[in-house]
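Let's take a friendly walk through a protein model. Have a look at the picture and the sequence first, then read on.

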Amino acid sequence: MILVLGGDVAREQRAADLAARQGLPVVVSGGSNPEYAHWLFEQRQGLPSHQVQLDYRARDTLSNFTSLVDDLRRARIRHALLVTSSDHMDRALLVGRIVAGSRGIHLTPVAVPCAARCQPEGRRKIWGDGARAALWVVSGRDLRGWAAAHLPPWLAPAGDG
């Protein structure tokens, strides 16, 4: 299957092309508005509606995975192509490999070039979200709010885009 992390319509366009060529199902987590997504996948690419699932539960990169991972496991998904922007891939892959990996789901990166729009993510953001993911696997909860309330500001998790 193809898992698209929302945030840039170029990601959805890349996933639509992949799905049309390879016949794979697509799940878009936190993507563009439903009207655009339906037009892109169904009308422009000609994919049947049952091949594409739009999911708007995610608020950030961690919840892109935590909101879907148990659904994917129940559907017996063992492998997903992870589609996101190249400047977001390191963090998404770290979080995804921790969360999805905890459910036996392997991820293969499919980076979407962002060229001049790229904004490299810092190590603090990448490793902070990796720590949040590991804590979610252990506790079943995102401890970001607790950390912000109980830890000094320099230890609290960095913001997520």
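## Ground rules

This is a predicted model, where local features need pLDDT of at least 70, side-chain atom pairs count only at pLDDT 80 or more, and totals for chains, interfaces and linings use all residues. Residues are numbered from 1 along each chain as its sequence is written, and side-chain values use heavy atoms, with hydrogens and water left out.

Helices (H or I, at least four residues) and strands (E, at least two) are DSSP runs, numbered from the N terminus.

Thr84 is buried, with a relative accessible area of 0%. (Buried means under 20% relative accessible area, exposed over 50%, and partly exposed in between, using a 1.4 Å probe and protein chains only.) Leaving out residues up to four places away in sequence, Thr84 touches Leu5, Arg11, Met89, Ala92, Val110, Ala111 and Val112; contact here means heavy atoms within 4.5 Å. With Arg11, the Thr84 side chain also makes a side-chain polar contact of 3.2 Å. (A polar contact is a pair of N or O atoms within 3.5 Å; within protein, one must be able to donate a hydrogen and the other to accept it, and residues adjacent in sequence count only if both atoms are side-chain atoms.)

Is His79 buried, exposed or partly exposed? With a relative accessible area of 36%, His79 is partly exposed. Its side chain is joined to that of Thr108 by a polar contact of 2.6 Å, and the C-alpha atoms of these two, 29 residues apart along the chain, are separated by 7.7 Å. Besides Thr108, His79 touches Met1, Ile105 and His106, not counting residues up to four places away in sequence.

## Val26 in strand β2

Now for Val26, which lies in strand β2 (residues 26–29). Val26 is buried, at a relative accessible area of 2%. Skipping residues up to four places away in sequence, the ones Val26 touches include Ile2, Val4, Phe41 and Val52. Met1 is 25 residues from Val26 along the chain, and their C-alpha atoms are separated by 5.9 Å.

## Helices α5 and α6

Next, a pair of helices: α5 (residues 89–99) and α6 (residues 123–139) have axes that come within 9 Å and cross at roughly 15 degrees. That makes α5 roughly parallel to α6. (Axes are lines fitted to C-alpha atoms, for helices over the stretch in contact, and angles run from 0 to 180 degrees between N-to-C directions; under 35 degrees counts as roughly parallel, over 145 as roughly antiparallel, 65 to 115 as roughly perpendicular and the rest as oblique.)

Which residues make the contact? Among them are Leu94, Val95 and Ile98 of α5, and Ile126, Trp127 and Ala133 of α6. The contact residues of α5 with α6 divide into 10 nonpolar, 1 polar and 4 charged. (Ala, Val, Leu, Ile, Met, Phe, Trp, Tyr, Cys and Pro count as nonpolar, Asp, Glu, Lys and Arg as charged, and the others, Gly among them, as polar.)

## Two loop residues with positive phi

Most residues other than glycine have a negative phi. Arg76 isn't a glycine, yet it has a positive phi of about 65 degrees. Arg76 lies in the loop between α4 (69–74) and β4, and at 72% relative accessibility it counts as exposed.

Ala115 isn't a glycine either, and has a positive phi of about 45 degrees. Its place is in the loop between β5 (106–112) and α6. Ala115 counts as exposed, at 65% relative accessibility.
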